[in-house]
Amino acid sequence: MAKIAIIGTGYVGLASAVGFAHLGHDVVGIDIDKSKVEKLTSGKSPIFEKDVEIYLAQSLAKNKIIFSSDYSDMKDCDFVFMCLPTPQNDDGSADINYILDSAKTLTNQLKENATLVIKSTVPVNTWKKVTEILNRTDVSIISNPEFLREGTALEDFFNPDRIVVGGISEEKAHLVADLYKSKDAVIVFTDNTSAEIIKYASNSFLAIKLSFVNEIAAYAESTDANALEVLNAMGLDKRIGKDFLKPGPGWGGMCFPKDVSALKESAREKNVPIPLLDAALESNLKAHARIVSKVKKALGGSLKDKNISVWGLAFKANTDDIRFSPAISVIELLISEGAQIKAFDPVVKQVKELAIEVKSEIIQSVENADAIVVLTEWQEFKLVEPSLIDKLVKQKIVVDARNLLDKEKWINSGFMFIGNGYN
Ligand code: UGA
């Protein structure tokens, strides 16, 4: 069993920390936020993430995990994982100052011959800057990007499609790969720079795929085709793959928008612009606007003073994350056209930046509504019986941007039902 430190206990760091502890390693989670450290030490997770609290409690009980704000508590760790945020600068590039500052602190703290693993999503050649700042020839730097989806972070940690390990020292790269004790995952050993790009290229490819999906949905709506049939048949081609083919109100979250912009900016700096990335970003704005147009059209061409019941605020189901949520972008557009919003989300209970009412019960959000708009694919929305709310709404109109609800059921209750990708 190895002694592992995780620097930064956000989504990625916390999932990795409890994941490694569950595998039997001794883990120290370091975070500058003392209140977070206190919370985690008492067994409470600061984030809404499936199973994290259960695994956390188990590892705390077995003394397999501790949390601290003091870097010296990781002095005897052989592996130190950097899981720090790399937020977006105004120009779209990634801000790596948390990583560089942490490297400065680590210079005097890392054990001899320790391995420093960069797990954060970092722009190309960040590993070289870290090597320079660290200035420790005994320490190996390994680039090991994360591929954890919010909502299924632990599942992804224990069952990854692939584990990417980039580094100069073959021995250290193998030791890092072994920490995951993964039987099925393909381990990709590569150089640091390729590992850094693999992460950006993967997320950007998926974002481009989704933009294309949403454009096909828009195009199908201009014909009498059904995009869901088209996409389903496309997905049967193994080269295309059946996943990530669902039309929606646009893609969002803390990763795709940030990573697409950072890759775009990095490529531009290198004088090798990637216009597909600009197109994907622009197309995503159109995806938000297209949902608003559907609502507007259903309401006779104006949203002024219309009451809209929005179902879902999180950027996808099973998370409480509203950062870069397409739901928020759609709501902003609805408001700008004069609509009033009553929203419901199973876990998001407030949105400080928006003048909307977030209701504690879904039923309260539909009272007097001119239209219901489904923006996040929470499975519980399927359980709502249209026959129980049809007396509460002002107009029986549903716009299902996620193609989540049972269309027949709603139509049978007299609702006008508008899906995404067909007429
Ligand atoms: C994404 C990647 O999937 C992870 O592999 C990666 O590690 C992570 O970013 C990261 O960089 O840390 P995540 O942001 O949690 O994970 O979200 P996804 O499940 O990938 O969804 C992204 C967006 O695409 C969501 O808004 C989702 O609703 C949307 N989406 C996804 C669709 O609109 N249609 C689909 O068919 C699939």
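**Notebook: sheet and ligand site**

I began with helix H1 (residues 11-22), which lies across strand S1 (3-7), strand S2 (26-30), S3 and strand S4 (79-82). H1 runs at about 170° to S1. I note that this is a predicted model.

Next I traced the sheet. I found 8 strands in an open sheet, ordered S3-S2-S1-S4-S5-S6-S7-S8, with mixed pairing. I then looked at the edges. Strand S3 (65-68) and strand S8 (186-190) each have a single partner strand, so one side of each is left without a neighbour in the sheet. The twist averages 20° from one strand to the next.

I picked one pair to follow. Strand S5 (residues 115-118) pairs with strand S6 (residues 140-143) in the parallel sense, over 4 bridges. Thr115 has Ser140 in S6 as its bridge partner. Helix H5 (residues 126-134) packs on the sheet and touches S5 and S6. The direction of H5 makes about 160° with that of S6.

Then I turned to the ligand. I listed 19 residues around the ligand; Glu146, Glu150, Lys199, Asn203 and Arg402 come nearest. By class, the shell holds 9 nonpolar, 2 polar and 8 charged residues. Helix H8 (192-221) and helix H10 (256-269) each supply at least two shell residues. H8 gives the most, with 3 residues.

I checked distances to ligand oxygen atoms. A backbone N or O atom of Glu150 lies 2.7 Å from one. For Leu148, a backbone N or O atom lies 3.0 Å from a ligand oxygen. In Lys316, a side-chain N or O atom is 2.8 Å from a ligand oxygen. Last, I looked up burial. The ligand taken alone exposes 730 Å², and the protein buries 91% of that.

Key: Residues numbered from 1 in each chain as written. Predicted model: local features only at pLDDT ≥ 70, side-chain atom pairs only at ≥ 80, totals over all residues. Heavy atoms only, no water. Pairing = 2+ DSSP bridges. Axes fitted to C-alpha atoms, helices over the stretch in contact; angles between N-to-C directions. Contact = heavy atoms within 4.5 Å. Near = heavy atom within 4 Å. Polar contact = N/O pair within 3.5 Å; in protein donor to acceptor, adjacent residues only side chain to side chain. Areas by Shrake-Rupley, 256 points an atom, 1.4 Å probe, with all protein chains shown as cover. Nonpolar A, V, L, I, M, F, W, Y, C, P; charged D, E, K, R; others polar.
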